[in-house]
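Let's take a walk through this structure together, starting with a word we will need along the way. Keep the model open beside you as you read.

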Amino acid sequence: MANDVSNLIVYHEIFSCEKVYEPEKAWMDIQTHDYFEISMVIAGNGINCVLDQAIPCKVGDIFITPSNIPHRFFLENEIETLTVRQLRFFPDKDDSVSEKLRYCNGLFKDGSVTAYAMLNKSMFEKIRSLFDTIEKEISEKRQSWQNAVSSNLLLMLIDVERYIDSSIKNISSVSPKEWSVVLTAIEIIKNNCSNADLTLGSISETIGISKAHMSRIFQELTGKRFTEYLRSVRIEYSCRLLRESELTIEEIVKECGLRDLPSFYKNFNSHMGMTPNEYRQSTKLTHGKTNKNSNIFKGEKIMVLLCDISENLQKGKAKIVKELVQQAINEGADPNQILNDGLLAGMSVIGEKFKNNEIYVPEVLVAARAMNMGAQILKPYLAANGVVATGKVCIGTVQGDLHDIGKNLVKMMMEGKGLEVVDLGTDVSPEMFVQTAIEQNCQVICCSALLTTTMGVMEEVVKAAEAAGIRDKVKIMVGGAPVSQEYCDEIGADCYTVDAASAADAAVEFCK
Ligand code: B12
């Protein structure tokens with residue numbers, strides 16, 4: 001075999017690693033070089049971190065890393081050693097400008113090959129001859145090393161060849177230029193993961209490529225979906241903060257660019273196999289402090305449940321939502337927390353997706369059904385807090401409007417406070433509100449509206465009450481997402497509240 005590789009080698013060294021691998025910090029240590037590397041582990045074992053993959057390595061393992069992939073060897077812990085022999089070189093000039101040049105990000109371990117891109121034939125030949133040189137050197141100098149490496153080497157060459165043959169027909173659709181786009185995206189993510197507004201869209205815009213294109217090449221090259229990758233970087237950052245700071249979990253969630261506490265708990269758990277506080281505790285324990293607080297862990301279990309509630313509600317899995325709500329209650333979760341951070345959190349994601357045309361009416365309907373079923377389970381618990389008030393109210397969603405989730409919640413909370421509630425359902429005319437108030441002696445009329453086009457009916461209710469001569473005997477409460485205090489004042493209603501709990505409190509006051 002030709003042995004013409006000397007002009008390619010720019011550097012050749014044997015080095016011992018000093019840095020211990022720390023998952024949450026590795027991304028700050030790994031580096032991109034402008035040379036192509038071939039590394040062989042010649043003593044000890046450790047971790048080779050390539051992009052965000054931590055690959056355990058031992059004697060005889062060989063890694064080929066192209067110039068544009070961030071990577072670094074680490075020790076697994078302080079007592080291990082890891083010695084690596086490395087050849088660093090540039091591809092020859094003709095190839096480097098060639099359009100056809102394909103880098104090989106190959107990890108060759110135990111005879112297997114994982115390659116994201118491919119070498120061209122001539123590069124492969126060069127690498128093969130380079131290895132021939134190394135192999136010759138090994139056989140001359142160190143018998144034991146040869147034994148460890150040569151079988152891997154042979155298998156690797158066979159694998160690479162086979163891989164190249166199959167890939168030639170199907171050259172990766174991802175070009176070297178796209179590699180650098182993805183790497184830029186990764187850099188942006190790592191340097192800005194605290195920014196809650198960091199999204200696939202914002203990064204694509206910064207780089208100047210379409211969202212769909214970025215999404216495709218990101219997944220193709222990293223093997224992970226963008227959101228999944230961003231999440232894992234944030235979780236890793238949160239680990240660092242848990243270990244090194246005194247910040248509360250809420251503060252950490254914010255600092256890591258995350259908005260939602262329950263999903264943080266859930267993602268942390270599935271990523272790290274333990275809860276954030278367990279993690280914090282375990283790092284403290286290794287430093288000699290023991291302060292196990294089982295209440296903290298219990299709270300975390302609840303967070304995971306709340307996140308499950310929200311996710312299943314979004315999928316419309318009413319039966320599961322019911323079960324999870326019951327489970328959260330059994331775990332001792334606060335019913336208000338289940339309502340707000342579980343059910344309503346899920347509903348607000350649905351609202352956002354509906355607004356953005358990502359989902360349509362059928363999906364919203366099944367989610368709404370799940371919401372209502374979950375709320376039914378909560379009802380007795382929400383109601384349990386001191387049943388003292390007496391009074392009667394009627395409630396309904398105004399004419400033309402079929403949204404009833406908010407109205408049902410308000411009703412539930414009011415019943416929880418001991419009020420008798422006449423539920424008029426949805427699509428209720430002003431006359432029906434007033435007539436019911438008169439016939440059933442209601443002290444309060446409650447109108448709910450979710451559409452800007454139906455809000456106006458609330459004003460008609462006020463006018464109808466005036467016309468019927470009951471305005472001074474009955475209070476009129478208004479609510480629903482588009483309604484505001486200003487609007488309430490403008491139409492001459494008596495009270496607006498932003499949520500169901502305060503609506504119930506206000507109604508109790510009116511009924512005293
Ligand atoms: C679920 C939903 C539906 C479901 C309703 C199912 C059901 N059984 O209710 C379905 C699929 C049927 C639906 C249909 C439509 N919907 Co819709 N829907 C929603 C959605 C996603 C959630 C609403 C909800 O339940 N929120 C959760 C509850 C708990 O919140 P809430 O109602 O605001 O109630 C709280 C407070 O406001 C307060 N409160 C509520 N009522 C009252 C009353 C009083 C007296 C007080 C004091 C307080 C109070 O307490 C509650 C608890 O805290 C919203 C999006 C959103 N982000 O709000 C769109 C939304 C309301 N819908 C919208 C639209 C446009 C429609 C349709 C016209 C769509 C279409 N193209 O057909 C139809 C209209 C049908 C009709 N005639 O009513 C728009 C309204 C836009 C606007 N500003 O007018 C929204 C905002 C979505 C959007 N951004 O485009 N929808």
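A residue is called buried when 20 or more other C-beta atoms lie within 10 Å of its own C-beta. Keep that cut-off in mind as you look at strand S11, residues 444-448. Five of the five residues of S11 are buried, so the strand is largely enclosed by the rest of the structure. Both of its faces are covered: Val444, Cys446 and Ser448 are buried on one side, and Ile445 and Cys447 are buried on the other. Please remember as we go that this is a predicted model.

Now step back to the whole chain for a moment. Its secondary structure comes to 20 helices and 13 strands. Of the 512 residues in the chain, 40% are buried. Take the contacts between residues at least 6 apart in sequence: 72% of them join residues at least 24 apart.

Let's return to S11 and see what lies beside it. S11 belongs to an open sheet of five strands, in the order S10-S9-S11-S12-S13, with parallel pairing. S10 and strand S13 (495-496) stand at the edges with a single partner strand each, so one side of each has no neighbour in the sheet.

On one side, S11 pairs with S9 in the parallel sense over five bridges. Here you can find Thr397 standing opposite Ser448 of S11. Strand S9 spans residues 392-397 and is mostly covered, with five of its six residues buried.

S9 also pairs with strand S10 (residues 420-423), again in the parallel sense, over four bridges. You can follow this pairing residue by residue: Val393 has Val421 as its bridge partner in S10, Cys394 has Val422, and Ile395 stands opposite Asp423.

On to S12, which runs parallel to S11 and is joined to it by five bridges. One place to look is Val444, whose bridge partner in S12 is Lys475. From S11 the chain passes through H18 to S12, and this β-α-β crossover is right-handed.

Leaving aside residues up to four places away in sequence, Lys475 touches Gln443, Val444, Asp494, Cys495 and Phe510. Phe510 is 35 residues from Lys475 in sequence, yet their C-alpha atoms are 7.1 Å apart in space.

Finally, let's visit the ligand. Which residues come nearest to it? Of the 36 residues around the ligand, they are Gly351, Ile405, Gly406, Ser448 and Gly479.

Several elements build the shell around the ligand. Helices H14 (335-355), H15 (361-383), H16, H18 (452-467) and H20 (500-511), together with strands S11 and S12 (475-479), each supply at least two residues. H14 gives the most, with six residues. By residue type, the shell divides into 22 nonpolar, nine polar and five charged residues.

Definitions and conventions:
Residues numbered from 1 in each chain as written. Predicted model: local features only at pLDDT ≥ 70, side-chain atom pairs only at ≥ 80, totals over all residues. Buried ≥ 20, exposed ≤ 12 C-beta atoms within 10 Å, placed from the backbone. Pairing = 2+ DSSP bridges. Near = placed C-beta within 6 Å. Nonpolar A, V, L, I, M, F, W, Y, C, P; charged D, E, K, R; others polar. Right-handed = clockwise from strand over helix to strand, strands pointing away. Contact = placed C-beta atoms within 7 Å.
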